[in-house]
Every structure is written in C-alpha cells, then in structure tokens.
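Please examine the structure shown below together with its sequence.

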Amino acid sequence: MYKIAVIPGDGTGPEVVREGLKCLSAAGKKFKFQYEAKEFDFSGRRYLATGKLVEDKDVEELKKYSAIYLGAVGDPEVKPGIIETGVLLKLRFALDQYINLRPVKLYSSAFCPLKDKKPEDIDFVVVRENSEGLYKGMGEFKAKGTEDEVAIQISYNTRKGVERCIRYAFEYCRKRNKKKKLTLCGKTNVLTYAWDLWERTFNAVAKDYPDITTDYAHVDATTMWFVKNPEWFDVIVTDNMFGDIITDLGAMIQGGMGIAAGGNINPQGVSMFEPIGGSAPKYTGKNVINPLAAICAAGMMLENLGEEKAGKAVEQAVIKVANKKLKSLAAGKMGYSTAQVGDLVVENL
Ligand code: IPM
Ligand code: MN
C-alpha cells in the first residue's frame, strides 16, 4: 500500500492533479496496486491567508510517505521568491531530493517546433543537480542601496554533492540502455572553480562505467545543439542553474510546457513528481489547461515506486492521446477540456 502525499497547490495545479489522480486510480485497478492519497495544502493561497509555508514538522510528516505528487505553486499576489523558496525549494532541500530528473521526449512530430524532427530524434534525459549550486541561496549585499553596491551570489558545489549526482547520472544512463552516452553540460572555460570540480569528478567517476561513452558540452553550445542536433543526446548531467535553464528549452522542443514532467528524486528517501509548467494563473479554473504533463509526472512517480509496467502504460496512453486526439498541446487549443483529456488517457489505459 503506497502512501501518496498530494500537493495540488495554486493556479491550475489542482485541475491537473485531479486528472493525474484519475489516471493513477485507473492504473491501480489495471495493474493491481493499492495506494492512499492524502492532500496537503501548501500554496500561495494558504500563505496569503495564514502566513504559513512548509514547516519542519510538515517535512517530518511528509517523510512518512512513499512519494509526493505536486501540481504547481505560485500566486501572482505573492512577491516572487517567497513561495518558491518557502514551499518548492524547501521541500527539495529538506527532503534532500538531490536529483531533478527531466525527460525530454517528443511524443508527436506534429507538436515539435523544430523542422523535420521526429520522436526518435528527441529522446534524452536531463539529470539536474537539485541541492546545491546557485540555488543554495548563499551570498551577500555590500553597501546595499548605495552607488557602490555589490551583490554576491555564490555557486556552492561540494565534491560529495557533485559526485552523488554524477554517479546517479551514470547509473541512470546504464539502466536506460539506449545510446549509453552521458554528456556533462557545464562552463569550464569561464567558471573555473565550479566546473573544474565537476569535470574532475566526472572523469573520475567515468572510470567505473567503461560501458558508457562520455562527452562534454558548454551550456551555451548545449542550447544550440538542442535546436540543431537534439539526436546527439542520451543523458545529460549538469548543475542546478544550468539544468533549470536548459530544461525549459527541452520542454519546448518536446512540444511545450503542457507535456513536460519532472521528478525531484531522493534515491534513498521521499521523491516528488511535478509537471514543470507552473501555476499558469491566466488559465486557472477554465478547464483548458493541458493535464498531460501532470499525468506524465504521475507515470514517472509509478516507475519510481517500482510499478514500472503501470508507469510505462501511463506514458503509452499519453502518447496515444497526444497523437490521435489532440489538436495542440497548448492550453485552450487542445480541442478538448482538461477533464476530457484526463478521461481520454484513462480510456487508453
Ligand atoms: C523549476 C522552477 C523552479 C526552479 C522555481 C519555481 C523555483 O523554475 O522547477 O524549474 O527554478 O527550480
Ligand atoms: Mn525552471
């Protein structure tokens, strides 16, 4: 019996989570696994009403769960940064979800903004370090508010933190068993402390994986290859900030935010799965947002729980619906409502 903590959150989060849970329930019946889902209200809305964010006792409670399923957090009424650091980053850090796993997979050529690219050309996974780097929140102001002001933002990289991420990426690449190629995406030519450590660690760990081909690309060039030759990639490992940036581009080449999902993974602890698109305030409550990203996130959660067949089946159902039914992956243009798309996935399961 799995215990799933559900955080619907803000904006369109609750709408897409509802469809994801529909598919989870259908998958449970078909593949005969049982779970109980409990809702947690961590959101911008709750913050506005109570001033509360995620507290340490909430984290302790969440540690009792098998996985967390998150919709989206962020409310336009709340100043940028508060909900992000107080809910999303708080959970990632406190639960030590040190991997952010973001598959970039084109399900249907019709939705690809790149000319002549087919599903077999766009099928790679970004392993983003999720606990360090610029996200650590280290830095300071000097002479704040004066004309001599200096703002310092530190990228904090530990050998242990970098190594566990790189090792995860090698293991993942081996298990994935496709091109068996791992690309380190960095900036060794300019960021000569952080990327020196990353590169040395990468080369040292690579010795344990002679079956994996290794490669290196600067982050700026990586964005170019995403557009020009996405078929070069299999698994990419990178730091927190670069991973954040390149996966938005990744989402676009796979068809947009409506389909992009990710997992915040603690291989020894509680992991959290989410559509990566955000709370989309302007579509809230209209039943027009695309739930496929959230449904894919539910599929990833199942695979992570060990229900691999069920996870794959959810993904296959999404592929069918995207190819055979939807006019577009964009909100309001799918030709179906949010709830209808959820129903279509269930039918195809
Ligand atoms: C993401 C988001 C978050 C991040 C924000 C909302 C803090 O952009 O999950 O990619 O920067 O990691
Ligand atoms: Mn992002």
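What distance separates the centres of domain 1 and domain 2, taken over C-alpha atoms? In this predicted model, the two centres lie 25 Å apart. The division of the chain assigns residues 1-99 together with 260-349 to domain 1, and residues 123-253 to domain 2. Contact between the domains involves 13 residues of domain 1 and 13 residues of domain 2.

The ligand may be considered next. Ligand 1 lies between the two domains, because both domain 1 and domain 2 give residues to the shell around it. That shell is made up of Glu84, Leu88, Arg92, Arg102, Arg128, Tyr135 and Asp244. By class, 5 of the shell residues are charged and 2 are nonpolar, while none is polar. Helix H4, which spans residues 82-94, supplies the largest share of the shell, with 3 residues.

For Tyr135, a polar side-chain atom is found 2.6 Å from an oxygen atom of the ligand. For Arg102, the corresponding separation between a polar side-chain atom and a ligand oxygen is 2.8 Å. In the case of Arg128, an N or O atom of the side chain is 2.8 Å from an oxygen atom of ligand 1. On its own, ligand 1 has 320 Å² of accessible area, of which the protein covers 74%.

Attention now turns to Asn264. This residue belongs to strand S11, which runs over residues 261-265. Is Asn264 buried or exposed? The relative accessible area of Asn264 is 0%, so the residue is classed as buried, the limit for that class being under 20%.

The surroundings of Asn264 can be described in turn. Leaving aside residues up to four places away in sequence, Asn264 touches Arg92, Gln97, Ile99, Asn100, Asn130, Ser271, Met272 and Glu274. Among these neighbours, Arg92 is also one of the residues around ligand 1. With Glu274, Asn264 forms a polar contact from side chain to side chain, at 2.9 Å. Ala322, by contrast, is 58 residues from Asn264 along the chain, and the C-alpha atoms of the two are separated by 25 Å.

Notes
Residues numbered from 1 in each chain as written. Chains lettered and ligands numbered in written order. Predicted model: local features only at pLDDT ≥ 70, side-chain atom pairs only at ≥ 80, totals over all residues. Heavy atoms only, no water. Near = heavy atom within 4 Å. Polar contact = N/O pair within 3.5 Å; in protein donor to acceptor, adjacent residues only side chain to side chain. Areas by Shrake-Rupley, 256 points an atom, 1.4 Å probe, with all protein chains shown as cover. Helix = DSSP H or I, 4+ residues; strand = E, 2+ residues; numbered from the N terminus. Nonpolar A, V, L, I, M, F, W, Y, C, P; charged D, E, K, R; others polar. Domains from an automatic or database assignment. Buried < 20%, exposed > 50% of the residue type's maximum accessible area, 1.4 Å probe, protein only. Contact = heavy atoms within 4.5 Å.
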